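Let's take a friendly walk through a few features of the structure shown here.

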Protein chains: 2
Amino acid sequence: MAEWIWYPGEFEHKYVCEVNMRKYKRNHVTMPIWKVAPLYPYVKFEKTFILKEDEEFTVFTDGICTLESNGRNRFVRQAGNKYLLKAGEHRLAVSVYADPGKICTVFIDSKTIVTDSTWECSLMDGILRPVDCCGFSQAENTPNAYKLPLVRRDYVKKTQEKEFILYDFGKETFGYLCFQNPNGKGKLKIYYGESEDEARDFDFCELLDELSLENGNDRTQLTKAFRYVAVQKTDGADYDDIHMLYEYRPFEKCAYLKTQDELLQKIWDTSIYTLDLNRREFFLDGIKRDRWVWSGDATQAYLMNWYSFFDEDVARKTQVALAGKEEITQHLNTIVDYTLYWLISFRDHYRYTGDKRFITMWYDRFCQLADYVLSCADEKYRIQKRKKDWVFIDWGKGLTKDSDSYSFLQILLCHAMRGASEVAQIVGDAQNQARFAGIAQSVYQDLQENYYDHELGAFIYSIKDGKPDRVVLRQPNIMAIFYGVATKQQGAAICESVLLNESIPALETPYMRFYELSALCMLGKHSLVYDEIKSYWGGMLNEGATSFWELYRPEEKGPERYAMYNYKYGKSLCHAWGASPLWLIGRYFLGLEPAEDGYRKFKMKPCLEVFKDLEVKFYTAQGAVTVNYNKKRISIFAENCEGTVEIGDKSYCVAKNAILDLKL
Amino acid sequence: MAEWIWYPGEFEHKYVCEVNMRKYKRNHVTMPIWKVAPLYPYVKFEKTFILKEDEEFTVFTDGICTLESNGRNRFVRQAGNKYLLKAGEHRLAVSVYADPGKICTVFIDSKTIVTDSTWECSLMDGILRPVDCCGFSQAENTPNAYKLPLVRRDYVKKTQEKEFILYDFGKETFGYLCFQNPNGKGKLKIYYGESEDEARDFDFCELLDELSLENGNDRTQLTKAFRYVAVQKTDGADYDDIHMLYEYRPFEKCAYLKTQDELLQKIWDTSIYTLDLNRREFFLDGIKRDRWVWSGDATQAYLMNWYSFFDEDVARKTQVALAGKEEITQHLNTIVDYTLYWLISFRDHYRYTGDKRFITMWYDRFCQLADYVLSCADEKYRIQKRKKDWVFIDWGKGLTKDSDSYSFLQILLCHAMRGASEVAQIVGDAQNQARFAGIAQSVYQDLQENYYDHELGAFIYSIKDGKPDRVVLRQPNIMAIFYGVATKQQGAAICESVLLNESIPALETPYMRFYELSALCMLGKHSLVYDEIKSYWGGMLNEGATSFWELYRPEEKGPERYAMYNYKYGKSLCHAWGASPLWLIGRYFLGLEPAEDGYRKFKMKPCLEVFKDLEVKFYTAQGAVTVNYNKKRISIFAENCEGTVEIGDKSYCVAKNAILDLKL
């Protein structure tokens with residue numbers, strides 16, 4: 001099949017820049033605080049063809065191009081972009097110079113000469129790389145015109161106020177507003193709200209728009225997130241009615257959960273919807289005022305994704321977009337931890353998908369990022385915070401940033417280096433496999449010897465002024481469990497002395513809560529986590545949430561529910577990390593995970609005692625796994641994939657396309 | 001003075017790409033065979049200001065921008081792009097996201113807040129660099145709209161033929177054709193010629209155009225080089241008359257030469273005009289079908305420039321454009337020698353201009369290019385030709401490319417490394433100063449021990465299959481003299497056994513002839529060179545040249561004069577390297593050169609015996625030097641600069657703004 005092809009990464013770098021430039025505060029753009037990759041204006045694509053007979057073909061590009069065969073311009077050029085190539089062997093090369101702002105891309109769909117993933121490309125410097133492509137298979141559908149699809153949605157309620165009309169679309173949504181039969185010459189002033197309070201609060205709502213009718217506008221120019229909109233007609237502007245165009249990323253598959261437990265059902269469905277709204281060109285952190293692509297947020301979104309949409313494409317694109325392309329002079333999103341998360345997610349991507357082409361294509365960049373992190377570490381591999389670096393870790397109490405080194409970062413580094421060694425092995429780079437494994441071991445030993453405090457039963461927070469600070473916080477200890485740096489014995493100690501210890505400051509962000517609840521599951525505290533899912537996420541639903549929030553404090557009841565970052569409506573009411581029940585249920589309650597990279601085999605260790613009944617379907621890279629559970633029996637059907645299931649202390653094989661049915 | 005500012009190199013990279021994309025063969029573009037640098041879409045500009053009172057200011061960009069002070073958005077935004085900054089100290093930062101295809105640039109011209117060369121910029125990664133700017137000092141005159149100026153010129157002769165009209169513009173020219181009162185709906189077909197033969201030869205002329213009158217066109221879309229144009233009216237297309245818009249680069253100063261020797265006067269004037277036509281946004285190789293920016297050609301153009309326009313700006317811009325910006329994965333223009341010439345010219349730039357800001361700004365790139373060259377050499381610093389490398393040297397007999405190493409490249413490397421050591425010293429990098437000097441010394445010794453053949457009295461061409469090939473060619477021996485690698489004794493030997501030895505194949509290109517004539521002057525063969533100037537350049541004038549050619553063979557008299565590269569009109573009749581009399585006269589007959597970097601002092605060693613009379617004015621970085629000469633006396637006036645003059649074996653001081661008058 002013919003496809004538009006391009007230099008790897010160009011698609012992602014074009015669109016992640018456009019996406020990151022769509023973050024608005026009121027009606028002003030907020031541009032990213034990090035590097036934006038430039039696009040290559042000039043790329044050469046090539047492949048060898050053997051033509052049995054003369055072949056005429058048409059070349060489509062978004063720019064201008066020259067063709068050569070075997071190093072020379074040897075073509076008969078027909079009218080326009082038609083060429084004729086004589087029978088024989090040809091090293092066909094198409095050099096494309098793109099129109100401003102566009103990526104270099106080419107499409108040929110002839111008898112023999114067809115652009116597809118088997119072509120190679122270079123920046124005219126003789127260094128050939130495989131091209132990238134992702135399903136743009138029609139000449140008229142160029143990757144430079146990529147847009148997510150739109151579908152009409154109507155409001156569910158309209159309230160006429162004195163000064164404005166308030167529309168309620170029934171739930172959190174995202175897209176454009178359309179005005180039917182606009183007339184008059186004035187302006188429509190539009191105030192958006194994720195909550196009704198926000199849409200009514202013209203002076204403080206996060207997003208607003210103005211539409212001048214005289215220019216023939218009948219829809220807004222930029223997608224916005226909202227549930228409510230207030231529209232004010234000024235200077236005679238008017239219209240008949242409104243609707244919206246919902247923008248969405250299509251999906252081929254989506255995990256499901258069915259249960260008679262209504263609250264659980266609603267938590268699941270709302271989690272799916274929340275992740276779906278943030279699953280756009282890339283994974284966003286949140287869709288209202290946030291709208292940037294952050295490596296830390298994406299790392300959780302990937303994991304939820306493997307237990308919901310299993311959308312490999314958006315995961316790949318987000319990884320590539322975050323990786324950047326030029327000389328690395330700063331951490332991803334300027335945050336040290338975020339470069340480490342990127343490395344970890346890259347390894348995870350292969351674990352879930354087994355996509356070797358992807359891993360191989362980006363291995364060089366992976367090594368560059370790994371080496372960049374190491375270049376910021378001292379001779380003990382302790383990562384140094386330079387003046388321009390942001391060590392994020394988490395928001396919350398006690399997270400000071402004036403230490404020599406941080407156990408949190410070292411734990412991430414240890415896990416990242418273990419993964420890096422595995423990635424090197426996968427692509428057959430024995431030298432780096434050994435090097436990264438050695439570093440992982442050094443970092444592990446350093447953590448064990450200098451950061452774990454046997455007396456406290458916990459990893460301390462940092463080394464400060466050359467000495468262990470003996471400060472115990474949740475964040476590093478959660479990560480030590482989650483990333484397998486704590487021994488089993490240390491895990492048990494941490495559970496008591498940190499996780500279940502109320503004198504240790506509680507977490508404030510659902511971001512870190514993702515890892516804490518995961519760690520608790522890993523320590524076998526499933527029922528505690530189950531209760532938390534029902535109360536925390538159930539709590540948001542009680543507050544009227546139709547998508548899950550950036551932050552939820554049960555004690556907040558009034559307008560303060562919507563405030564954050566010192567802004568009255570600063571809180572995102574649709575935040576990717578709010579969807580963590582998808583991950584928690586799939587990964588820890590169903591206990592599904594790849595037994596081998598790419599789900600060549602899966603394993604499952606369900607812990608469903610807390611559920612009354614459950615029918616779930618999850619995807620693997622090979623096919624779907626469906627589980628039917630009630631207190632009396634469990635049945636498992638694995639479509640086109642095989643694996644093992646552990647129930648209690650027994651292990652069962654699940655054969656391809658056969659049902660395993662067990663009485664409990 | 002307020003100026004538009006940008007990230008260093010962006011201006012050059014934008015325009016060199018546009019320029020290189022304007023090379024046409026017939027009516028098809030020929031795109032460059034090397035890498036094109038992408039533009040940074042997002043740049044942060046910053047500077048600290050102390051405001052005594054609140055200040056309102058307007059920000060101009062070609063894109064969108066956000067402003068911050070002391071790391072926070074702290075502005076009161078007025079209407080449009082107006083901002084108000086409160087009294088106090090501010091680290092003001094403007095982050096610019098450019099419109100597609102444009103460079104990030106900003107202009108502010110307020111009371112205190114003014115953009116100029118004292119600002120810094122970064123790619124959002126905290127790595128600050130000084131900004132660049134070059135005289136765009138008005139808000140409405142953005143560097144993204146840069147265009148060379150145009151002026152009307154009329155043809156001198158019109159010939160009505162049966163099928164077309166032929167216009168003669170009297171001499172080689174460059175620009176657009178304009179049709180007065182175009183009418184009818186057909187097309188005008190335009191055939192260009194540097195010669196009359198070419199314009200009349202519709203099937204083989206190098207450049208042609210088609211103008212559809214129905215779209216309201218009244219001028220051609222792309223600048224073209226020509227002296228003659230043939231215009232054919234088709235399908236009822238018509239017009240009253242034509243003229244052209246001559247495109248030119250303005251200049252502030254231009255050296256002159258006045259003499260009663262008419263031929264010499266014409267050679268000088270035609271050389272000036274030839275270089276001027278090729279002195280555009282950058283130095284081009286030739287203006288007809290060539291129109292690319294080549295490092296080898298530019299190296300000679302710089303040297304001619306120091307003895308004619310002394311246009312520092314075009315020299316700087318050409319150097320920067322050629323240097324590229326990204327990871328270096330290929331030689332400049334893909335040619336090994338051309339990277340070496342770039343290094344040599346960079347050092348020379350400082351010698352002539354003393355522009356320390358420029359040298360300092362590009363020192364990092366200089367080192368990257370130097371290290372790239374060294375990375376292509378073996379442990380003896382012998383440069384290796386990789387498969388993708390083009391070792392050019394010259395066109396001509398015997399220049400095989402299958403050796404292990406080439407004395408020509410090693411001589412260039414030796415000189416480049418000597419210069420690199422000096423550049424390192426200038427910017428205060430003692431480590432590289434020593435390193436480069438050491439390499440230069442090693443290369444020199446290797447040349448002396450393994451490439452110079454005492455028996456032959458010459459540098460051999462190459463080491464092949466591990467052994468000296470004992471092949472004697474002019475090219476390396478010319479360069480050994482020109483770049484001071486040959487000892488005085490070796491120079492004398494080479495003069496006899498190579499330069500004046502008719503059994504050694506003669507050069508075919510004026511490109512290498514530039515260096516040969518220079519070397520002959522360095523060996524004191526001025527009268528021989530003088531005769532050659534008169535006969536070779538005089539010969540072209542006899543053939544009707546109005547600008548000097550890419551190649552001239554006196555024996556060719558008919559249409560073969562215009563052929564080259566297997567094309568009937570492939571030869572460029574206006575080629576930068578054709579202007580070498582400017583350099584030869586200035587550098588060797590007047591003998592003017594910097595005695596110290598930047599002409600803090602000049603020295604002059606005239607060798608004018610061959611001239612009857614001469615009045616010349618040349619520029620130094622400090623001011624002009626005027627020389628009046630006849631067989632009886634010489635007088636020298638140095639405006640705002642000082643130096644020494646050697647006449648015979650006597651040396652005289654030339655004081656600032658005083659006349660030195662000597663009887664001969």
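## A word on the model

Please keep in mind as you read that this is a predicted model.

## A three-stranded sheet in chain A

Let's begin with an open sheet of 3 strands in chain A, where the order is β5-β9-β8 and the pairing is antiparallel. At its edges stand β5 (55-58) and β8 (76-77) of chain A; each has a single partner strand, so one side of each is left without a neighbour in the sheet. In general, the strands of a sheet are paired through backbone hydrogen bonds, in either a parallel or an antiparallel way.

Looking at one of these pairings in detail, β5(A) meets strand β9 (residues 82-85) of chain A through 4 bridges, in the antiparallel sense.

## A salt bridge across the sequence

How many salt bridges does a search of the whole structure find? Over all chains, the search gives 109. One of them joins A:D261 to A:K534, with the closest N and O atoms 2.3 Å apart. A:D261 sits in the loop between β21 (256-258) and α3 (262-278) of chain A, while A:K534 belongs to helix α14 (residues 526-542) of chain A, so this pair ties together parts that are 273 residues apart in sequence.

The surroundings of the two partners are worth a look as well. A:D261 counts as buried because its relative accessibility is 16%, under the 20% cut-off. A:K534 has a relative accessibility of 22% and counts as partly exposed.

## Pairs in chains A and B

Next comes A:R351, which forms a salt bridge with A:D348, their closest N and O atoms being 3.2 Å apart. Both lie in helix α6 (residues 336-353) of chain A, 3 residues apart, so about one helical turn separates them. A:R351 is partly exposed at 24% relative accessible area, whereas A:D348 is buried at 14%.

Over in chain B, a salt bridge links B:D389 and B:R386, and here the closest N and O atoms are 2.8 Å apart. B:D389 is buried, with 4% relative accessibility, and B:R386 is partly exposed, with a relative accessible area of 27%.

Methods:
Residues are numbered from 1 along each chain as its sequence is written. Chains are lettered from A and ligands numbered from 1 in the order in which they are written. This is a predicted model: local features need pLDDT of at least 70, side-chain atom pairs count only at pLDDT 80 or more; totals for chains, interfaces and linings use all residues. Side-chain values use heavy atoms; hydrogens and water are left out. Two strands pair if DSSP finds at least two bridges between them. Helices (H or I, at least four residues) and strands (E, at least two) are DSSP runs, numbered from the N terminus. A salt bridge is a side-chain nitrogen of Lys or Arg within 4 Å of a carboxyl oxygen of Asp or Glu. Buried means under 20% relative accessible area, exposed over 50%, partly exposed in between (1.4 Å probe, protein chains only).
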